[in-house]
Amino acid sequence: MRKATCILMAVTMVVTIFAACHHSPSTTHQSSFVQRDGACFILEGKEYRYVGTNFWYGAILGSEGQGGDRQRLCRELDKLHELGLDNLRILVGSDGERGVTTKVEPTLQIAPGVYNDTILAGLDYLLQQMGERGMKAVLYLNNSWEWSGGYGFYLEQAGAGKQPRPNEDGYQKFMQAMSQYALNEKAHELFYQYVRDIIGRTNRYTNVAYVDDPAIMAWQIGNEPRAFSEEAKEPFAQWLAEASALIRSLDKNHLISIGSEGIWGCENDTTLYERVSADPNIDYMNAHIWPYNWNWAKQDSLQENIQRSCDNSGEYLKEHIRIAHKLQKPLVVEEFGYPRDGFLFAPASPTTARDRYYDYIFSMAMGDSIVKGCNFWGWGGEARPVHQDQWQVGDPYCGDPAQEQQGLNSVFDCDSSTIAIIRKYKQ
């Protein structure tokens, strides 16, 4: 009876995988680009499913200017490759003036169309090094949050005046101001020119055009783009459609996704999330899950709140899985994190609750065939926080952006228990 059951389960699994990843003749060739075939990713004729991480600072680390450390970059890539974490989600570059507290620097786009070439060189070098290791980059082009410029930068450059920042004016005022981005066509045009400039580049080290580089898996419109208000939801959807159509017109080889948190990033409007995900230029769906940021877990009771965090995360993820099956598009859980025990930040502090949360998210996400990728936030690697309250110029880059406590969500190379869990789910 046991043997018959095992055989039946094996046959069922093969049928399920075949149904989800049935290849049409046009997509079975041995391409070194990650392609989408229905609800599957295909790489070199085989299904591509991965566990990866967020490595937003990779281009800065690859530069030879301020913040650059190519030796560290290569060590980090070697470590990630050794762990099997070959899919990295990376910020193309930060926007605007330097010396702004809580913003990543050095910036790439100093003014519209004016670029810091050292960061472009860093991006080129990063892609070269990733390509040599067979790694894949997901590159995001914009950001709704203040830590890399993004929305606020484009609004200011479009003539909307100085934009508020959360550390100075609070998040409520900031989000109200950012809701104007979806309505501002001038801001969109400035962003579209940036998209043309970046996607149209040729790597100085490999002489390969970005559009022809298989080290790039996908372009993302932004990091967690949001409407930020009910009134902005319709123009927000229109902007995403315009942006994805532009990217598609520039690059036929690479995948496109939004970079969305999912339903949470669509003002908790499930219909809006499904609508923007259904766009034919969007190849796959995204979901981000943040129990602490979303008040499912409290600073003083992280371990006590772990079950609620898992339960809420599970319900949230189930809804995205349901929509992905309906649309027959791959789903990637590309951001999730949980603070260290006691809301401590030092690498030596324990990660009991985080480890349990990682185990839960990985098991649930990778347990459904429609989920094709899972990227935790984020890789801190060999960095060790210097100023834990907030990043300062000259500090090493961790997985935490400049506005957050350094070490808050970072996975360091010494976090052996967390790394063991990640290894368990590596495909």
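1. Ala365 counts as buried, since its relative accessibility is 0% (buried means under 20% relative accessible area, exposed over 50% and partly exposed in between, with a 1.4 Å probe and protein chains only). The model is a predicted one, in which local features need pLDDT of at least 70 and side-chain atom pairs count only at pLDDT 80 or more, while totals for chains, interfaces and linings use all residues. Residues are numbered from 1 along each chain as its sequence is written, and side-chain values use heavy atoms, with hydrogens and water left out.

2. Ala365 lies in helix α12, which covers residues 352-365 (helices are DSSP runs of H or I with at least four residues, strands are runs of E with at least two, and both are numbered from the N terminus). Leaving aside residues up to four places away in sequence, Ala365 touches Arg49, Leu317, Val333, Val371 and Cys374, where contact means heavy atoms within 4.5 Å. Between Ala365 and Lys318 the C-alpha to C-alpha distance is 9.1 Å, although 47 residues separate them in sequence.

3. Helix α11 (residues 306-327) and α12 have axes that come within 10 Å and cross at roughly 20 degrees; axes are lines fitted to C-alpha atoms, for helices over the stretch in contact, and angles run from 0 to 180 degrees between N-to-C directions. The two helices, α11 and α12, are therefore roughly parallel to each other (angles under 35 degrees count as roughly parallel, over 145 as roughly antiparallel, 65 to 115 as roughly perpendicular and the rest as oblique). The crossing in which α11 passes α12 is right-handed, a term used if the near helix is turned clockwise from the far one by less than a right angle, anticlockwise being left-handed. Among the residues making this contact are Leu317 and Lys318 of α11 and Tyr360, Ile361, Met364 and Ala365 of α12. By class, the contact of α11 with α12 has 9 nonpolar, 4 polar and 2 charged residues (Ala, Val, Leu, Ile, Met, Phe, Trp, Tyr, Cys and Pro count as nonpolar, Asp, Glu, Lys and Arg as charged, and the others, Gly among them, as polar).

4. Helices α3 and α4 pack at an angle of about 30 degrees with their axes 11 Å apart, and their crossing is right-handed. Here Arg70, Leu73, Cys74 and Leu77 in α3 meet Ala121, Tyr125, Leu126, Gln129 and Met130 in α4, and the residues of this contact divide into 7 nonpolar, 1 polar and 1 charged.

5. The whole structure contains 23 salt bridges, each a side-chain nitrogen of Lys or Arg within 4 Å of a carboxyl oxygen of Asp or Glu. Arg72 forms one with Glu76, the closest N and O atoms being 2.9 Å apart. Both residues lie in helix α3 (residues 70-83), 4 residues apart, or about one turn of the helix. Arg72 is buried at a relative accessible area of 5%, and Glu76 is buried at 2%.

6. A further salt bridge joins Asp124 to Arg204, with the closest N and O atoms 2.9 Å apart. Asp124 lies in helix α4 (residues 117-132) and Arg204 in the loop between α8 (185-199) and β9 (216-220), so the pair ties together parts that are 80 residues apart in sequence. Asp124 is buried at 0% relative accessibility, whereas Arg204 is partly exposed at 34%.

7. The side chains of Asp269 and Lys233 also meet in a salt bridge, at 2.6 Å from N to O, and both residues are buried.
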